Amino acid sequence: MVSAPHEAMHRIFQDHPDLFSGVSKVLGVDFAPPTSVTLMPTDLTEASPLERRVDTLLRLDTEDDEPLLLAVEAQGKKDPDKPASWAYYASYLLTKYRLQPILLVVCQDHATAKWAEEPVTFGPPQWPLLTLRPLVAGPHNMPLITDSAEVRKDLALATLSAITHAKNPEIGPILKAVTTVLRDEPDAVRNPVIEFISRGLGKLPAAALWRTLVAVDLSFYKSPLFEEVREEARAEARAEGRAEGRTEGRAEGWAEAILDVFAARGIDVPEPVRERIINCVDPESLRHWLRRAAVALSADAIFADD
């Protein structure tokens with residue numbers, strides 16, 4: 001079964017086809033920016049029982065150069081059988097469309113990314129037939145975008161960066177920079193980014209941090225992700241049955257969220273800090289601390305200026 005991170009790593013190119021221009025610049029390869037992009041069928045099956053599908057396939061047309069076919073593959077782990085499949089994709093696409101193919105492999109794992117970018121030669125050693133050289137975007141070469149001004153310059157690239165760095169211990173400032181920019185964006189821009197990153201983080205610890213960052217900001221009331229969180233909170237409040245109980249429940253929820261963020265970021269919480277967080281009954285203070293928890297270098301730093 002295809003995982004949510006797998007889908008996010010290649011489908012973002014369908015929603016943001018011009019993203020390849022930003023990625024290729026990061027990878028140090030000079031491709032002319034496309035003047036038009038066409039989403040192509042991904043089925044590469046021939047008249048045989050074996051079915052083959054590339055994850056995402058785009059046709060990139062440019063002003064001066066010949067059109068290109070961009071095949072995007074999301075790769076979650078090393079697979080010795082993949083290079084042969086990729087070579088098949090390239091030769092099939094060239095044969096079917098008579099256009100030069102490019103293969104971009106997107107990874108979240110450093111070891112997988114380094115494996116994927118190794119050239120693979122096919123044929124006997126004394127006379128190699130062909131060499132496969134995919135472009136690879138992963139945590140080893142995608143920028144760590146923690147500045148909201150940089151996020152605003154290229155939101156699609158920042159979204160892919162957040163997804164590829166999903167396992168980075170310093171994911172907090174990356175995600176915080178994205179939410180800072182999303183506060184000023186309309187729902188049509190904001191919600192797809194929220195969902196892409198949510199899917200891209202999958203079940204990793206950073207997913208809890210992202211969910212919290214989205215939920216605590218009032219400007220995300222219309223986000224599908226926030227609606228899910230808000231409905232859970234409503235259910236808890238109804239179970240409490242009293243206003244006082246609802247207030248205490250909210251405070252307890254914020255306190256747990258702060259500790260979850262620290263756990264996801266691998267930050268140790270001293271007992272005095274833990275007690276102050278748990279014993280606080282003011283939801284506004286807790287929400288304020290929660291925002292700081294996403295970027296704080298230490299647990300007690302969330303109390304600065306209090």
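The legends below describe close-up views of a predicted model. Residues are numbered from 1 along each chain as its sequence is written, and side-chain values use heavy atoms, with hydrogens and water left out. In this predicted model, local features need pLDDT of at least 70 and side-chain atom pairs count only at pLDDT 80 or more, whereas totals for chains, interfaces and linings use all residues.

**Figure 1. The aromatic pair of W86 and W115.**
A pair of aromatic rings is described by the distance of the centres and the angle of the planes. Rings of Phe, Tyr and Trp (its six-membered ring) pair if their centres lie within 6.5 Å; planes under 30 degrees apart count as stacked, over 60 as edge-to-face and the rest as tilted. A search of the whole structure finds four such aromatic pairs. W86 and W115 form a tilted pair, with 6.0 Å from centre to centre and 50° between the planes. Because W86 lies in helix α3 (residues 82–97) and W115 in helix α4 (residues 110–116), the pair ties together parts that are 29 residues apart in sequence. Helices (H or I, at least four residues) and strands (E, at least two) are DSSP runs, numbered from the N terminus. W86 is buried, at 3% relative accessibility, and W115 is partly exposed, at 22%. Here buried means under 20% relative accessible area, exposed over 50%, and partly exposed in between (1.4 Å probe, protein chains only).

Y88 and Y92 form a stacked aromatic pair, 5.8 Å from centre to centre and with 25° between the planes. Y88 is buried at 18% relative accessibility, and Y92 is buried at 15%. Ring pairs also bring in Y89, linking Y88, Y89 and Y92 into a cluster.

**Figure 2. R276 over the ring of F303.**
R276 lies over the face of F303, 4.0 Å from the ring centre. A charge sits over a ring if NZ of Lys or CZ of Arg is within 6 Å of the ring centre and within 35 degrees of the ring normal.

**Figure 3. The second largest pocket and its lining.**
Rolling a probe the size of a water molecule over the atoms shows where empty space is left. On a 1 Å grid over the protein atoms alone, a pocket is an open set of points where a 1.4 Å probe fits, with protein on both sides within 12 Å along at least five of seven lines; lining residues have an atom within 4 Å of a point. The second largest pocket holds about 350 Å³ of space, the volume being the space filled by probe spheres set on the points, which are joined across faces, edges and corners. Its lining has 17 residues, of which A90, P101, L103, L132 and R133 are the closest to its centre. Two or more lining residues come from each of α3, β4 (100–106) and β6 (130–132), and α3 gives the largest share, six residues. By class, the lining has 14 nonpolar, two polar and one charged residues; Ala, Val, Leu, Ile, Met, Phe, Trp, Tyr, Cys and Pro count as nonpolar, Asp, Glu, Lys and Arg as charged, and the others, Gly among them, as polar.

The whole structure contains seven salt bridges, each a side-chain nitrogen of Lys or Arg within 4 Å of a carboxyl oxygen of Asp or Glu.

**Figure 4. The backbone at R98.**
Most residues other than glycine have a negative phi. R98 has a positive phi of about 55° although it is not a glycine. R98 lies in the loop between α3 and β4 and is exposed, at 65% relative accessibility.
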